[in-house]
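Please look through the model below with these notes beside you.

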Amino acid sequence: MEYREILENARKIMAPNCRVCRECNGVACRGEIPGTGGKGTGRAFIHSFEYLAGIKIHMDLIYANRGQDTSCSFFGQTFAGPVFAAPISGLSNNYNGYLSEKTYAEALVPGTKAAGCAAFTGDGAADFFFTDPLSAVAAADGVAIPTIKPWDKDKVLEKIRLAEQAGAMALCMDIDSAGLPLLAAAGKPVCSKDVDELKEIIQSTKLPFLLKGIMTPESAQKAVQTGAYGIVVSNHGGRVLDHTPAPAEVLPAIRAAVGTQVKLFVDGAIRTGTDVFKALALGADAVLIGRPYVVAACGGGAEGVTIYTQKILSELRDAMKMTGCATLSDITKDKISLCHEKVSFC
């Protein structure tokens with residue numbers, strides 16, 4: 001199967017909720033919730049895409065060839081590259097129900113693992129949004145990261161125990177889900193969390209724990225205080241608050257604020273291996289990719305997910321080759337120019 005076939009299949013299957021646009025940029029689906037768009041005007045989603053697109057990469061082909069090594073380590077595991085599938089749920093509401101929470105996880109988790117990477121699984125208004133993917137997590141020997149909404153503490157602890165029983169290698173809480181319109185409409189008790197409650201939750205498990213939805217240096221510093229293993233710089237795909245900055249836009253300031261105290265992941269309209277390169281140059285340790293993984297799973301099942309992941313890693317290696325980078329640590333900010341800057345080699 002070729003990636004082009006995956007897209008063609010998905011375009012037929014996913015209509016009308018997702019148009020499988022040539023560029024997944026948030027324009028055609030703006031404001032469509034339920035659906036795949038960004039909240040309100042959709043500007044947060046659109047701006048995230050446009051900001052990344054405006055970053056330019058500097059070529060350099062005069063160097064001693066050492067190959068390109070994209071391998072990296074997180075959660076005590078080694079991965080083929082710094083690419084993870086982001087947590088997505090609500091397949092019936094947002095993606096027309098061709099895949100359920102269970103069948104999506106059964107494509108996503110083994111598909112990313114076969115490519116040497118891993119997936120975050122989701123959570124949602126109904127308990128089965130969280131529990132159904134856990135069988136796929138267990139079947140993959142725990143190589144996945146279940147993600148929990150910011151429920152009341154007892155509910156969170158209950159779900160932590162279920163993820164531990166499935167053998168998950170790590171856990172995540174997408175704290176920005178407190179702003180999801182669909183959860184609010186369902187009357188579900190999601191809310192913000194203070195440092196002390198998050199610290200108690202994180203200390204309740206031996207698993208590495210990530211906090212997703214960090215968008216300011218101040219928030220990142222509070223996340224460090226909780227004892228989190230890592231943070232995900234994310235505006236939830238533009239689905240929780242209109243007119244936010246792009247995650248890539250705030251990433252350098254957040255890296256400066258936390259240094260190396262936590263692992264730093266980022267998402268937000270990352271679509272290609274060159275986008276991954278840009279994110280790493282801005283300070284990320286790894287990236288999460290959301291909507292395109294649903295397209296890959298709908299269009300090609302687990303094989304489609306593997307093919308898409310391999311495509312991203314191949315594009316990342318190409319970008320490294322064209323910029324003189326042999327390892328991920330070579331991908332530094334001097335390899336790029338930001339969209340608001342004039343190209344400079346000073």
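1. Helices (H or I, at least four residues) and strands (E, at least two) are DSSP runs, numbered from the N terminus. The model is predicted, so local features need pLDDT of at least 70 and side-chain atom pairs count only at pLDDT 80 or more, while totals for chains, interfaces and linings use all residues. Residues are numbered from 1 along each chain as its sequence is written, and side-chain values use heavy atoms, with hydrogens and water left out.

2. S177 sits in the loop that links β7 (171–174) with α8 (181–185), and S177 is buried at a relative accessible area of 0% (buried means under 20%, exposed over 50%, partly exposed in between, with a 1.4 Å probe and protein chains only). Leaving aside residues up to four places away in sequence, S177 touches K149, P150, L183, V190 and H236, where contact means heavy atoms within 4.5 Å.

3. G268 belongs to the loop between β10 (263–266) and α12 (273–281), and G268 is also buried, with a relative accessible area of 10%. Not counting residues up to four places away in sequence, G268 touches S48, L52 and P247.

4. How do α12 and α13 meet, and which residues take part? The axes of α12 and helix α13 (residues 291–321) come within 7 Å and cross at roughly 60° (axes are lines fitted to C-alpha atoms, for helices over the stretch in contact, and angles run from 0 to 180 degrees between N-to-C directions). On the α12 side are G273, T274, V276 and F277, which meet I312, E315, L316, A319 and M320 in α13.
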